[in-house]
Amino acid sequence: MLIRKMIPKDNLEIKNIIQDSLKSFQLDIPGTAYFDPQLNDLFNYYNNIPKAQYWVVEDQGRIVGGVGIAPFDMKQNICELQKLYLLPEVQGLGISKRLMETALEFASHFYTSCYLETTQKLTAACHLYEKYGFKPLENPLENSPHSAMDRWYLKKLTMKKPANS
């Protein structure tokens with residue numbers, strides 16, 4: 001399995017993974033990533049934002065998941081971990097851990113904290129986030145776009161020397 005930066009031809013596959021995953025949890029509703037306008041072209045979305053990146057996991061030429069980092073609150077130097085999704089058949093193989101490490105390593109070069117939003121329905125995801133040091137918040141951070149989420153987390157990052165974005 002290869003974790004690599006997203007390229008334009010990955011757009012449709014990763015969109016389908018995200019939407020199929022959300023639909024399987026009855027989360028194909030407004031206020032979730034299911035309706036994010038950038039889902040049709042995540043490549044350009046992430047590549048047109050400074051200090052942002054989206055990675056995909058490729059297995060034998062097939063996209064099986066991905067994760068992104070994008071700015072959330074630049075005044076407070078907070079990024080957001082976004083759109084961490086895997087196909088069901090590759091869950092439980094340690095891939096989400098590798099994606100987390102890739103995303104958090106990148107984020108640590110630009111940000112002091114990492115925010116994320118999820119829902120209690122995604123128990124495995126909540127467990128993963130807590131394992132990686134994300135602390136639950138009582139409320140979403142201001143300007144949160146996903147109103148259907150009911151779990152919010154923040155992780156302090158140890159800043160590293162700036163890397164190329």
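In the predicted model, the buried residues of helix 3 are Ile 95, Leu 99, Met 100, Ala 103, Leu 104, Phe 106 and Ala 107. These residues span an arc of only 160° around the axis, which places them on the same side of helix 3. The helix comprises 13 residues, 95–107, and extends 18 Å from its first C-alpha to its last, close to the 18 Å expected at 1.5 Å a residue.

In soluble globular proteins, nonpolar side chains tend to be buried together. The largest nonpolar core in the model contains 50 residues, and the most contacts inside it are made by Ile 14, Ile 69, Leu 81, Met 100, Tyr 129 and Phe 134. Two or more residues are given to this core by each of helix 1 (11–24), helix 2, strand 2, strand 3 (62–73), strand 4, helix 3, strand 5 (113–118) and helix 4 (123–131). Helix 3 supplies the largest share, 7 residues. When residues up to four places away in sequence are not counted, Phe 134 touches Met 100, Leu 104, Cys 114, Leu 116, Tyr 129, Tyr 153, Leu 154 and Lys 155. Another core, of 6 residues, lies apart from the largest one and includes Phe 72, Met 149, Trp 152 and Leu 154.

Most residues other than glycine have a negative phi. Lys 51, however, has a positive phi, near 60°. Lys 51 is located in the loop between helix 2 (42–47) and strand 2 (53–59), and is partly exposed, with a relative accessible area of 31%. Lys 83, likewise not a glycine, has a positive phi of about 50°. Lys 83 belongs to strand 4 (residues 78–86) and counts as buried, at 8% relative accessibility.

Key:
Residues numbered from 1 in each chain as written. Predicted model: local features only at pLDDT ≥ 70, side-chain atom pairs only at ≥ 80, totals over all residues. Heavy atoms only, no water. Helix = DSSP H or I, 4+ residues; strand = E, 2+ residues; numbered from the N terminus. Buried < 20%, exposed > 50% of the residue type's maximum accessible area, 1.4 Å probe, protein only. Expected span 1.5 Å × (residues − 1). Arc of directions from axis to C-beta. Core = buried A, V, L, I, M, F, W, Y, C linked by side-chain atoms within 4.5 Å. Contact = heavy atoms within 4.5 Å.
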